[in-house]
Amino acid sequence: MGRICLWGSGLAVIAVLLAIMGLLLARGGGALSWEFLTAAPKGLILGTEGGIYPAILGTVSLVAVASLAAAIPALLTAIYLVEYGKTSTVAHGINFVIQAMIGIPSILTGLFGYAFFVVTLGFGISLLSGGLTLAIMILPTLVVLMRDALQAVNDEYRLVGASLGVSRRYLLQRVILPIASPHLLSAVLLAMGYAAGATAPIMVTAAVVMSRGSIDLFSPVMALPFHLYILFSQHISLDRAYGTALVLVLILLALNLLSFYLRSRYGKRVTSHD
Amino acid sequence: MLSDRKDIMLKWCGLLCAAGSVLVLLSVYMFIAGESLPLWRELGLSLLFGGEWQPLDNPPRFGLLIMLVSTLWSALGAMVIAAPLGICCGIFLAEYAPGWLSAVIRTVLYILTGIPSVVYGFLGASVIVPWYERVFGVPSGESLFCASLVLAVMVVPYIVSGTYAAFRSIPAAYREAGYVLGVSQLYITAKVLAPLAGRHMVSAVTLAFGRAAGETMAVLMLAGNTLTLPLSWFSKGEPLSALIALEIGTATVGSPQYQALFAAGVVLLFFVSSINFSMYYFNNRGRN
Amino acid sequence: MINIREFSAFYADKQVLHSVTAAFSRTDITAIIGPSGCGKTTLLKSINRTAELVPGFRASGSIVLDNQDVYCVGEPAAVRRQAGMVLQKPVALPLSIRENILFGPKYYGVNNKDELEQVVTATLTQVGLWNEVRDKLHSPARELSGGQLQRLSIGRSLAVHPKVLLLDEPCSSLDIKSTRLIEALLLELSARLTIIIVTHNLAQARRVAGQTIFMSEGRIIETGATAQLLEQPQDPLTQEFLTF
Amino acid sequence: MINIREFSAFYADKQVLHSVTAAFSRTDITAIIGPSGCGKTTLLKSINRTAELVPGFRASGSIVLDNQDVYCVGEPAAVRRQAGMVLQKPVALPLSIRENILFGPKYYGVNNKDELEQVVTATLTQVGLWNEVRDKLHSPARELSGGQLQRLSIGRSLAVHPKVLLLDEPCSSLDIKSTRLIEALLLELSARLTIIIVTHNLAQARRVAGQTIFMSEGRIIETGATAQLLEQPQDPLTQEFLTF
Amino acid sequence: GCGSSAPTANQPQPAKDFSIKIGGSSTLAPVVAKAADDFTEKYKTWKKVKDAFADDPIAIFVATGGSGFGVKAATNGTVDIGLVSRVVKEEEKQKLPNHKLHTVGYDALTIAVHPQNPVVKVKPNLTKDEVKRIFSGEIKTWKQLDASLPDRTIVVAIRDLGGGASQAFDEAVMKGTPIAKEAIQMPSMGALAGKVQDNVDAVGYVSTGLVDQNKGKIAVLSVDGFEPTNENIVSGKYSISRPLILITKAQADEREQQFSNYLLSDTGLKLLEEMGFVPVKAK
Ligand SMILES: Nc1ncnc2c1ncn2[C@@H]1O[C@H](COP(=O)(O)OP(=O)(O)OP(=O)(O)O)[C@@H](O)[C@H]1O
Ligand SMILES: Nc1ncnc2c1ncn2[C@@H]1O[C@H](COP(=O)(O)OP(=O)(O)OP(=O)(O)O)[C@@H](O)[C@H]1O
Ligand SMILES: [Mg+2]
Ligand SMILES: [Mg+2]
Ligand SMILES: O=P([O-])([O-])[O-]
């Protein structure tokens with residue numbers, strides 16, 4: 001009985017993934033075509049024909065802004081936590097806050113982004129507002145992943161460095177960062193995936209149903225997840241919604257798997273020093 | 001070269017960024033709380049416990065009880081489904097599954113966490129809702145139950161990985177001490193390992209609960225968004241997050257409706273944060 | 001009574017026991033000594049079939065316990081119940097002292113209240129813990145000291161009535177007083193149980209064991225009466241080990 | 001020349017060194033022996049102030065290195081540079097062999113190309129590695145064998161010209177040949193460096209150390225000329241340790 | 001100008017932001033989005049629209065959010081052109097002194113049901129009062145509406161309160177009677193139309209445009225004996241209707257001017273008609 005529950009639950013998880021992917025492929029696969037990826041939405045009601053190119057472009061730019069804005073501060077914060085602050089009260093405090101931030105629902109980050117970037121700073125509904133909101137959303141995750149990546153580096157390197165009297169910065173630059181780099185990169189990829197899929201925060205800060213023209217920091221953008229939401233909820237085209245979902249999931253899958261690969265491929269390199 | 005300039009600079013840059021992150025967090029709290037403050041002052045707790053939400057009536061009425069109850073239904077409901085499934089699966093992965101299968105399932109879970117919530121919401125609304133309508137013969141399938149169902153799938157990976165990690169971190173000696181008595185694996189799991197992992201499982205489930213409560217897109221597309229107090233799991237409702245997502249775009253900045261939506265944000269933030277803080281406290285206290 | 005014949009064991013491709021042959025009598029204590037990594041623990045775990053919990057473990061040859069080849073029993077659980085084992089580092093199951101003792105018995109279906117009471121009292125008395133813990137039977141077992149915990153572990157094994165007791169360096173983390181208590185307990189138990197003890201402490205072997213086996217690199221090099229083996233080792237390997 | 005006076009050390013609330021007092025001469029090798037966990041490593045790390053990398057570490061008392069109390073220097077880096085340290089398990093920085101040697105010198109501002117070349121050649125020659133690695137200076141250091149790596153670690157320390165060399169069981173994971181090579185190197189270096197070596201191997205202490213210190217439970221129990229201390233220990237604790 | 005709480009129109013703008021931001025009514029947004037698409041497709045760069053302009057690519061953005069949002073966003077300058085599909089109230093007009101309102105057409109709110117709903121055959125005509133009682137929740141099942149209909153709950157689907165449709169419907173039908181709380185709020189007209197297509201028991205006030213765009217998938221009922229045909233809407237016989245309005249700046253920059261002219265041109269109005277609405281010239 002117990003055994004059945006245990007095996008059943010394990011297999012159920014696989015079944016769920018297979019069902020999701022199967023559904024997306026079966027219903028969305030047909031919509032996929034070169035045109036779908038490279039054309040703008042067309043048709044009497046935009047989106048019933050044509051493609052999703054502006055949405056892909058928008059999502060890519062949102063992710064780019066978000067990761068550019070978040071990656072460096074996150075890395076510096078992680079370096080501070082691991083190498084300098086360590087167990088000081090300050091570091092404890094920061095760790096606590098970061099932990100608390102991870103739990104903030106993304107709609108609330110969106111609410112903040114709307115009140116702060118869109119309204120108070122006057123960026124309007126724009127790529128910049130959305131990107132920065134997403135940056136705030138992924139920042140704590142990035143800090144934690146990067147902190148763990150740095151922490152995983154064999155402590156003996158630090159002892160060797162200290163024994164030679166070199167500074168932490170020198171050790172970081174020559175030993176720790178190079179060796180942790182696949183993990184740091186993996187963290188960024190993961191966060192990019194997270195940002196690319198987020199809908200609620202950009203719904204109120206960046207996304208529009210239709211955009212034509214080039215990408216501009218102060219203009220709004222279309223975005224894949226929002227486009228999916230519109231295609232479905234406004235009943236524009238279910239087929240195309242499936243196609244869009246498939247594209248979105250495939251992009252995220254690629255990002256996640258790449259990140260996973262980096263971590264498992266170079267994982268050993270970090271912790272052992274052979 | 002006793003003190004390395006760049007070293008000191010790096011240290012201060014790090015501290016600056018760290019402080020910046022903290023500042024951003026605090027400002028998230030402050031903005032959300034600050035924007036809604038006037039309305040709290042005016043309405044007090046009736047804002048929280050009022051059962052009417054008519055933002056455009058004259059005078060408007062704001063009560064978040066419906067949303068609060070909806071959030072509870074959908075998130076608790078998700079836990080009812082996800083907790084047993086996730087815990088069983090975590091135990092299965094840690095104790096029973098052959099190595100390769102465990103690795104496969106963990107990769108699957110990893111992939112599942114990567115699927116964005118709007119896709120879950122979309123699949124839920126286009127597959128589960130019609131299914132639910134057909135099976136139960138109800139006129140309209142959007143319901144807190146459907147939202148819970150999809151939320152459960154979304155948060156199950158967190159519970160699994162928490163449980164899995166908890167069981168993996170139990171020293172092998174405990175298992176061995178059981179085996180040498182000739183008792184079964186199930187008996188050891190239930191009597192020895194589960195109590196040892198208990199605390200971590202509780203915190204995994206609680207954290208998952210927090211995520212389910214804050215999730216937006218899936219509930220927005222599935223919960224039905226009606227303004228009635230949901231009296232059962234199978235009713236429609238409008239969770240806090242869905243309310244905010246639906247109305248914030250159309251509310252005039254600074255209007256009472258705008259403030260009321262931020263008040264909904266405060267309630268949600270308070271709800272989720274208190275879960276996280278208590279978890280943090282619980283974990284730290286246990287460690288000592 | 002245990003008879004091991006031509007027993008070899010492997011972890012994946014690595015052979016750690018090479019055609020081991022040995023006999024252990026019912027009423028005696030046998031000590032196994034040998035350098036670190038020579039396979040003592042593996043031999044012990046092979047007897048109660050817990051070695052096979054390590055993925056990739058394989059074995060050949062036979063181990064006969066009371067006329068029954070343990071590797072011909074379908075379910076290892078039965079073997080494990082008969083051959084109790086005490087580990088080097090005492091383990092407190094995350095239960096009360098009482099429940100630690102009753103862990104096995106409850107599984108084997110003892111659930112009459114009086115009977116359970118009886119098992120607890122008898123076992124704890126037998127391992128000499130009764131007076132020390134009678135007032136805190138319901139406190140968590142982890143609150144006991146190392147020596148008490150090791151005796152509790154022995155009691156936990158005894159509570160399921162094994163025929164054999166296997167001890168893997170049971171005293172290496174204990175102080176002298178606790179060590180002596182346990183040695184006394186083993187001597188007492190040896191009247192009814194086959195006891196095999198792995199030890200790094202030659203003095204301990206001398207104190208408790210009638211027979212001693214010296215192993216090296218997965219082979220039994222020499223077997224003999226303890227005093228004999230320790231004073232007048234025959235094999236040069238044994239000699240080297242003892243003089244080091 | 002190192003003078004330790006009334007030195008106590010704590011990890012958080014746990015005191016691991018109790019009023020240790022000792023002196024180490026410039027031209028001699030001192031061996032520190034003692035049971036596991038008695039504080040040998042902690043003492044060593046206290047001398048070059050790497051112990052304080054462990055959060056919660058606190059110390060009192062004084063350690064004077066060449067007339068300078070190391071705990072009165074604001075920045076530990078200067079002290080660490082003067083007192084090189086070699087760990088039990090040799091550590092290859094994830095760099096080439098050459099860069100491992102140059103890791104310290106480059107930080108300290110040596111960047112003239114010839115000078116760097118000169119440092120590499122001289123250091124590797126000194127630790128007896130030059131002939132073995134001259135053809136693969138640019139391959140990763142992790143490709144070296146354990147013994148070579150340990151010599152590389154010593155060379156890495158020597159390249160920043162320390163006054164003191166602290167070695168924490170440097171040979172415990174090496175074969176006999178490598179051990180001998182390192183011992184010879186230490187004897188050679190002892191002419192110009194204060195060398196302190198923690199070892200579990202009494203024979204090694206005998207071979208290299210003029211002075212030996214026996215520690216137990218965070219205290220120095222006995223100090224003396226190595227032969228004297230090993231043959232005629234005065235303290236009962238030392239006796240027990242040596243005869244065990 | 002990019003949006004902010006204060007109008008930025010009179011602030012000196014960096015000369016390069018030539019994008020046009022449009023937002024509001026979800027009924028009108030698809031029409032304008034389509035028009036914008038045609039416009040960009042046709043001209044590509046502003047220079048091709050008018051020689052005087054620089055050779056910048058045309059950039060137009062369309063957001064939805066409902067008529068309420070259209071009015072407010074136009075008021076505070078978040079959008080350059082606001083879309084409204086209801087009557088603009090007097091007090092709203094007062095806040096828009098620097099803007100022009102252009103009525104481009106009319107839309108009727110049909111009482112829409114699923115084509116397979118037996119009510120289409122049994123009772124294809126409702127009185128306004130029946131409509132009101134259905135939406136207020138007084139009539140809860142189809143059977144209560146007509147005894148020969150099945151005893152199933154009526155699923156009332158409405159627009160959220162920010163939508164123009166909900167206000168127009170209130171004025172034309174409900175007249176202050178509150179809508180049933182069980183009603184499902186849909187965030188856009190498309191979503192409302194979708195609900196009616198998907199659910200056999202649903203009823204909702206779907207705009208004629210969307211009925212037209214989903215021919216065969218939505219059935220409409222007559223109200224007080226009149227079908228929501230173009231003639232009936234124009235003549236006012238079908239009374240649940242509303243105007244479709246563009247709010248533009250009085251001193252719009254020339255590019256915005258060009259695009260709103262395009263919307264008001266015959267091409268633009270033809271598009272409106274194609275999408276099922278009644279363009280203004282027909283009236
Ligand atoms: N789980 C395992 N997987 C693979 N090899 C193992 C495993 N456990 C032990 N070994 C190997 O088997 C050999 C014998 O190990 P065993 O633990 O039986 O030695 P031992 O005599 O008990 O040593 P010690 O005195 O250190 O406890 C060793 O070489 C060891 O490395
Ligand atoms: N990082 C640490 N945090 C807390 N306690 C520690 C730490 N490192 C060592 N200790 C404790 O300090 C005491 C002395 O440890 P130390 O490593 O100095 O012993 P040692 O003599 O070097 O032992 P060994 O021979 O095993 O290397 C031990 O009781 C140990 O448990
Ligand atoms: Mg062993
Ligand atoms: Mg040590
Ligand atoms: O067109 P709407 O205002 O009803 O969205």
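**Figure 1. Ser36(C) and ligand 1: an oxygen atom of the ligand lies 2.7 Å from an N or O atom in the side chain of Ser36(C).** Welcome to this predicted model, which we visit here one close-up at a time. How much of the accessible area of ligand 1 does the protein cover? Taken on its own, ligand 1 has 630 Å² of accessible area, and the protein covers 64% of it.

**Figure 2. The shell around ligand 1 draws on strand 2 (14–24) and helix 1 (40–47) of chain C, the elements that each give two or more residues.** Helix 1 of chain C supplies the largest share, three residues. There are 13 residues around ligand 1, and those that come nearest are Ser36(C), Gly37(C), Lys40(C), Thr41(C) and Thr42(C). Sorted by class, the shell holds six polar, four nonpolar and three charged residues.

**Figure 3. Ligand 5 sits among residues of chain E, including Ser25(E), Ser26(E), Thr27(E), Gly66(E) and Ser67(E).** The list of residues around ligand 5 also includes Ser85(E), Arg159(E), Gly163(E), Gly164(E), Ala165(E) and Arg242(E). By class, this shell has eight polar residues, two charged residues and one nonpolar residue.

**Figure 4. Side chains of chain E meet oxygen atoms of ligand 5, with Ser67(E) at 2.4 Å from one of them.** For Ser85(E), an N or O atom of the side chain is 2.8 Å from an oxygen atom of ligand 5. For Arg242(E), the corresponding distance between a side-chain N or O atom and a ligand oxygen is 3.5 Å.

**Figure 5. Chains A and B share the most contacts of the six pairs of chains that touch.** Chain A brings 73 residues to this contact, and chain B brings 72. The size of an interface is often given as the accessible area lost when the parts come together. Between chain B and chain A, the buried area is about 6,400 Å², and carbon and sulfur atoms give 84% of it. How many salt bridges cross the interface of chain B and chain A? The rule finds zero. Polar contacts are present, though: seven residue pairs are counted between the two chains, with both residues at pLDDT 80 or more.

**Figure 6. Helices of chain B line the side that touches chain A, among them helix 1 (5–43), helix 3 (65–96) and helix 4 (99–114).** Others that give two or more residues are helix 5 (117–136), helix 8 (185–214), helix 9 (217–222), helix 10 (240–247) and helix 11 (256–287) of chain B. Which helix gives the most? Helix 1 of chain B does, with 19 residues. As for the classes of residue on this side of chain B, 54 are nonpolar, twelve are polar and six are charged.

**Figure 7. Chain C and chain D do not touch.** The nearest C-alpha atoms of chain C and chain D are 9 Å apart. Chain C and chain E are not joined by any contact either, and their closest C-alpha atoms lie 52 Å apart.

Key:
Residues numbered from 1 in each chain as written. Chains lettered and ligands numbered in written order. Predicted model: local features only at pLDDT ≥ 70, side-chain atom pairs only at ≥ 80, totals over all residues. Heavy atoms only, no water. Contact = heavy atoms within 4.5 Å. Buried area = accessible area lost by both parts, 1.4 Å probe. Salt bridge = Lys/Arg side-chain N within 4 Å of Asp/Glu carboxyl O. Polar contact = N/O pair within 3.5 Å; in protein donor to acceptor, adjacent residues only side chain to side chain. Helix = DSSP H or I, 4+ residues; strand = E, 2+ residues; numbered from the N terminus. Nonpolar A, V, L, I, M, F, W, Y, C, P; charged D, E, K, R; others polar. Near = heavy atom within 4 Å. Areas by Shrake-Rupley, 256 points an atom, 1.4 Å probe, with all protein chains shown as cover.
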